[in-house]
Amino acid sequence: AENGLAAFFKWFDYKVWYPLGRPVGTTIYPGMQMTSVFIWKVLGMLADAKVVPSAMSLNDVCCMVPAWFGVSATLALGALTAECSNSWSAGVAASGIMAVVPAHIMRSVAGGYDNESIALTAMCTTFFCWCRALRHDKRVTDGRPTQDSVIYGVAAGIAYIYMVAAWGGYVFVLNM
């Protein structure tokens, strides 16, 4: 965070993969680190503006990111279920189930800093936006794209790019 994005991508660690070393910035998915630094900087600006009582350290942000994104993944899955089933009750039920699934809890516990914690949010958001972009609009009968389909289609693309930047498992989504 102190050295900037350019230095991150040029970062070379001589202490791992001995004797060759490792170009860290180009051999990891940087989405997790960039997200944490972004949140840390936003919280710092909010603390400077006296919106929040005090700024968090970058370490504290990194500890809390999995829990924050676990909540957002649960909400995104609920929205996806509600969109696909056309039932908010089904969305609430899906969110309730997601909140207690052991595999999700394991990846979203505070302090468990790993890519899957933000990848689940990105994946559920991508699927929600994609499904929402495909929603039929009865007012349009000639096949033209609607404003909603364009907005949600672009949002699906952005969410997918974020998922690619954060998680190697995006290839499984790509292959579907």
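The following conversation concerns a predicted model.

Student: How many aromatic pairs does a search of the whole structure find?
Tutor: The search finds five aromatic pairs. Rings of Phe, Tyr and Trp (its six-membered ring) pair if their centres lie within 6.5 Å; planes under 30 degrees apart count as stacked, over 60 as edge-to-face and the rest as tilted.

Student: What kind of pair do Phe128 and Tyr152 form?
Tutor: Phe128 and Tyr152 form an edge-to-face pair, 6.1 Å centre to centre with 90° between the planes. Phe128 lies in helix α7 (residues 115-133) and Tyr152 in helix α8 (residues 147-166), so the pair ties together parts 24 residues apart in sequence. Helices here are DSSP runs of H or I with at least four residues, numbered from the N terminus.

Student: And which residues do ring pairs link into a cluster?
Tutor: Ring pairs link Phe8, Phe9 and Trp11 into a cluster.

Student: Changing topic, is Gly21 buried or exposed?
Tutor: Gly21 is buried, with a relative accessible area of 6%. Buried means under 20% relative accessible area, exposed over 50%, and partly exposed in between (1.4 Å probe, protein chains only).

Student: Where is Gly21 placed?
Tutor: Gly21 is in the loop between α1 (5-10) and α2 (24-27).

Definitions and conventions:
Residues are numbered from 1 along each chain as its sequence is written. This is a predicted model: local features need pLDDT of at least 70, side-chain atom pairs count only at pLDDT 80 or more; totals for chains, interfaces and linings use all residues. Side-chain values use heavy atoms; hydrogens and water are left out. Helices (H or I, at least four residues) and strands (E, at least two) are DSSP runs, numbered from the N terminus.
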